[in-house]
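This briefing was prepared for a reader who has the sequence and the coordinates to hand.

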Amino acid sequence: MKALLLKIKNSMAAIALVGAFLWSALFIFTTREKEYPPGAIVLRIGHWQLEPGFRDALYEIIRDYEALHPNVRIVVDNIPESIYGQWITTQLMGSTAPDIIEIGMGLPGPTWINYMSRYFTPLSDIAGQPNPYNKGTDLEGKPYRSTFKDGLLGGYVEELQEVMKVPICQHTTRLFYNKDLLKKLTGLDKPPSDYREFLAVCDKIRAQKDANGLSYVPIAGYFTSWESRLFQILTYPAVLKADLSRDGRTSVDETFLAFRAGVLDFDFEPFEKRMKMMWEVSEYLPAGYTGMKRDEGVFKFIQQQAVFISTGTWDAGSLLSQAKGAFELGVADYPRPAKDDPFYGDTLANPIADGSAVMAYFGVNRASKYEDVAVDFLLFLTSQKINEKFNRRVNWMPAVVGAKSVEFIKPFEPNYAGLYAGIDNFVYMSGATQVRWQQDYSNFQAINREQKDEQGNKIPSEKLYKEGLAKFKKSYTAFYLEKGKADFDEFLRNQRRSSFNHDQLSAGIRARALTLDGADSEGLLKKYRGFLRGRLLMLDYSVASKAALAEKKLPYVIPYEYTPEALARMKEDARKAAGQPADPQPSPADTSNRANE
Amino acid sequence: MRAIKWRQVRHHWEIYLFILPTLLLIGIFQYYPASSGIYHSFFRWNGADISEPVGWGNYLDLLKDQSFWRSFRVALIIGLWNIFKMIPALLVAVCIHRCRNVKMQYLYRALFVIPMVIPPLVVVLIWRNLFFDPNGLLNRFLYGTGLMNVLAWADNTFSLGGVFTSTQAPAWVGSPALLLAACIIWGFPWVGSFAVLTHLAKLQGISKDVYEAADIDGISWWSRFTRIELPLIASSIYLLLVFVIIETIKDAGTILALANIEGGPGGIVTVPALFMLRKAFFSQEMGAACAVGIILTLVVLGLQKLSTAVSRWKELSDRGQMTVRLSMYIAGCASIYFGFLAPVGVGVILIFLPWEWIGKQLDALRKPDERIDNHKLQLVESRIARKFQTSTTPTGIVMTRMKDRALRGGKHLAIWGVLLFSLLPLYLMLIVSPKDNAQFYRNPMVPTAPFHWENWEAAWTMVTPSLANSYFVSFSATVLTLFLALGAAYFFARYRMPLSGFLWNAILVLMMLPAIANLIPLFQLLRDINLLNTLTALILVGTSAGQVFAIFVLRSFVQDIPQDLFEAAEIDGASHFRQMMMIVLPLSGPILGTVGVMRFIAEWNDFVLPLIVMRDEIRLPVMVQLLRLAGEYHVLWGPLMAGYALASIPIIVLFLMSMKLFVRGLTEGATKG
């Protein structure tokens, strides 16, 4: 007996190890059984929206959908934004990507366009048809595209000439502030709306020390919103020089072409202004904010270590619930320079537009076994009632016309009038240049403002700024122009490759048209001709002309800048079209004014 | 070892069956990806549908890419610090070894093992979130102890760039000036479990006679360390050094967790492996990423060869020494010429100068002075006499005892000091786990009521599936590794079979191959054989990765088993399989335990491969799941810390249960190599 006990004692470790193994095996296999009931259509959704409430809202909608379609099971992959880019790349390459994929995070814009052309299903077909889940609402019978607040413009990818994605919500960014702390440190009830006054308030906050003897931080981390809502707008004049397609925005390839042609560079005044404003505001962020993640900025604000944070409606609900009982949360618009501001006044004294603000785009994986079910779920999610339910649950603004948001979010409704952002996505072409931009730009931002010279005197901020900016320009410009060319070539190659998918689609439409008769055939043939025209005129021409510009085989003509003769011709044409008599020849002064308009 | 000739193979052919599964496994999961990597490194390849030959284009681009070379400089700095970070483990091992009380020795060993086996990823995340935050524990400690004033003074005096000021807390992971330091500091006091136990095992092998003889000679505690212990554990230090070099080159996970994929502001902490991941998964330049992988492999191989040559310098022939020197001069000159790592180039040239020869030439220039300094001799003799005299007088005895006690007290104090720091991450995990966020913000360091035990329940729900997955994968891969490696070790140790030399070298080469270099082709392979997003993939790749080290260790062990036993069994008509079962297996319990524990921990802690090949939340291993949980926008610290603790507990329990076996295994030969 004693020997047996001893043997058992000696074998305890092995028994425990094997026991744990058996438990793990049992757990794994029984869970699998539960996960995939036999015969079920299993649909997967991949996204990075890990804000509190999003998943609960999504699961609720999924339950509703599963109740309607008992043979469908929807599984959600919740991926943090920090690894989303790598994750989706590997999943797409490995053909294991979810059926419905959120688009836009963690990878350069051109890479997403490349992925969309390779791995995603075009949704142009359904854009023109009504959403069946809108039955019984005021949107019944309306084309799907018209049911979105932006007319599905954001889902249309110009480079591919297709609708590739649909948004599920609207987001705007605002300046959130801690009312109690602001009052305590500055005596103010709300932050000033004037930019210079705001900086003075930040100075006042920073001059005061907390219980540990450390200076208060005026603005918590998370700089992205400042960039897009304030600094980038200063670069709008650059859009007028680079917007070759004249669609009111610049894509990364257009910006690159303008830089390559020498029309734009970092000495261009709007860029200098943008950098200057960034430098001024970033002075009031915590040290090392470039290394902080979004949640760390929010964490600092909630801990009442900072007075302001700039973030979007995606964080609004969470901020409100976390601030409850601790401090009163205030919301304000971004401070703007006054009209008489000597440096920024001419550009930024106007209101700033939010744009259409639709966000959180989802697309359908072309390799999905259940492509039709995936599309159907997207239709369900973006139907008026369901989109309203979803966004009310998560405290966001719906993307669908007529869907109402909760009362709390109403002050965040987008402002459509005002100044629009300038050069998109900063200044990079693709992967390598984006990494380099992030490195050099964050290096510039991270310059230590407390540096002292050899005599022990603090180096003036202005001097550090100028040196830092010069270093940034020198380091980045050469790399951007050299490596950017390789990335640009690859970008064009990818666009050409996407034309193959386009051809497949149009050939399919033509084949269907030939098998039908009458009006159906006519309609499809019209669509086919439209596709073909789009392909030949837009895609092929656009790619060929851009390639020629990059190789400097074509002269770069700055858009929105016309010769007096051209302006006169245009004016004359317009008069003729309106049936008005010819006007005397305008003076050069007049034409220049028109050009500015 | 008996050599078998080709014509005798037909009598022993079945022994090849012992190596066959291993060859298949490493052939598929090691050699194929490596070959595919070499092949694709000559293509502009996006990992999917674009594959256009570019010749040496990828390599030439890399050679011209300054950021690539900068990444090696970062790896070099981190590597040098990693070598420095080996010292605490060595000192702790010596201190524990010198404990006279066996129970205390065991207690220390157990206490050290607990914090040391916490998964590195968990430690990194704790350091990033709780220590390196400007309002985190590190800055609090620096301000609390007044060290920040010292640093601010040093900053002011030596113009360090205003990184440290007394009014603004430094940002360790946000400031380019401090990020590299953060990558080095994390994990303080850097006492690795494997290193301590390896050193301990070696130290325990030192004969007591050596110490007794040293005591008679009146050797000091320091001389005992430098003259006895250090030389006798040199082989384990060398082994760990090679591991450190390989780990430094291939490690991307730590930097990824601390500084994201960009490598921090200015990409300041980009190491080669991170550079490769960026090429692959951010820029979609898979071909270029493969080229980086090939260069990494060559660098590791070169470093390994170099470290072998340096460690056996005196055994090298003059010609061998000259070859090494010349290679180093060429490498040094090249790095100076191209301006990459120029200071390192100068250092390399200086190190490999023939100092012995230069010294001899300088000595020859001096006048020979062979007079014996009688005065000095008398001084030494009188010092020795005084030493013995004082130790026999009552005051001398008291003094000696006091000195002895002070030394012992100092030793225990040092151990407890290091222990305290080592236990800090574990302490934080346990203290924070029952807190809600408000309690955590107010007071993260001490327990606060009410305790939210529901956090553990939430954590259990969150991590149970991943715990089960991790355990299943780690256990299966470990058992498979041991089973296959023991067979392979038997093949190599029993006879010198035809081709065994070739196969042995082919396996040894894999030891130097950084796994991360093959990541992309391996991913492609798993996709092609439909194993992506399956636990089977992790088990098979884990088993193949573990083969090399396990065979390397087990082969030495099997070789040491007396041949008489095998011969007796052969006379009795035992087959090779029976010899394995009846002789090798019963004798190799401790060594299998050691290798098994090491493999289990390696599998448990691996997260780079699962991060890339796994998709479904329900199939994720625990490390990837923790990484995902840490990426929430609104972190709930209590459940997160409870999750960290749950991920650490199985490893702690495993180590505590198998520690005796582990140390015995190490003593019996795991570190022979």
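A salt bridge is counted here when a side-chain nitrogen of Lys or Arg lies within 4 Å of a carboxyl oxygen of Asp or Glu. On that rule, the structure holds 41 salt bridges over all chains. The model is predicted. Chain A and chain B bury about 6,800 Å² between them.

**Interface of chain B and chain A**

- The contact involves 77 residues of chain B and 84 residues of chain A.
- Of the area of about 6,800 Å² buried between the two chains, 58% is on carbon and sulfur atoms.
- Phe282(B), Arg615(B) and Tyr633(B) together supply 14% of the area that chain B buries against chain A, which is more than any other three residues supply.
- Three salt bridges are found across the interface. In one between Arg44(A) and Asp616(B), the closest N and O atoms are 3.1 Å apart.
- Eight residue pairs are in polar contact between chain B and chain A, counting pairs with both residues at pLDDT 80 or more.
- Several helices of chain B each supply at least two residues of the side that touches chain A, among them α7 (120–131), α16 (272–281), α24 (454–494) and α33 (637–670).
- The helix that gives the most to this side of chain B is α24(B), with nine residues.
- By residue class, the side of chain B that touches chain A divides into 36 nonpolar, 26 polar and 15 charged residues.

**Sheet of chain A**

- Chain A contains an open sheet of four strands in the order β8-β9-β7-β10, with mixed pairing.
- β8 (217–219) and β10 (329–332) of chain A are the edge strands; each has a single partner strand, so one side of each is left without a neighbour in the sheet.
- From one strand to the next, the twist averages 30°.
- Strands β7 (residues 173–178) and β9 (residues 306–312) of chain A are antiparallel and pair over five bridges. Within this pairing, Leu175(A) stands opposite Ser310(A) in β9(A).
- Helix α7 (residues 179–186) of chain A packs on the sheet and touches β7, β9 and β10 of chain A, its direction making about 60° with that of β7(A).
- Helix α9 (residues 224–231) of chain A also packs on the sheet; it touches β7, β8 and β9 of chain A, and its direction makes about 125° with that of β7(A).

**A salt bridge within a helix of chain A**

- Asp440(A) and Arg436(A) form a salt bridge through their side chains, with an N to O distance of 3.1 Å.
- Asp440(A) and Arg436(A) are separated by about one helical turn, because they are four residues apart in helix α18 (residues 431–445) of chain A.

**Backbone geometry**

- Most residues other than glycine have a negative phi, and most peptide bonds are trans.
- The peptide bond joining Phe188(B) and Pro189(B) is cis, with omega about 10°. Pro189(B) is in the loop between α10 (176–185) and α11 (193–204) of chain B.
- A cis peptide bond also runs from Ala449(B) to Pro450(B), where omega is near -5°. Pro450(B) is placed in the loop between α23 and α24 of chain B.
- Gln304(A), a residue other than glycine, has a positive phi near 60°. Gln304(A) lies in the loop that runs between α13 (294–302) and β9 of chain A.

How values were computed. Residues numbered from 1 in each chain as written. Chains lettered and ligands numbered in written order. Predicted model: local features only at pLDDT ≥ 70, side-chain atom pairs only at ≥ 80, totals over all residues. Heavy atoms only, no water. Contact = heavy atoms within 4.5 Å. Buried area = accessible area lost by both parts, 1.4 Å probe. Polar contact = N/O pair within 3.5 Å; in protein donor to acceptor, adjacent residues only side chain to side chain. Nonpolar A, V, L, I, M, F, W, Y, C, P; charged D, E, K, R; others polar. Pairing = 2+ DSSP bridges. Axes fitted to C-alpha atoms, helices over the stretch in contact; angles between N-to-C directions.
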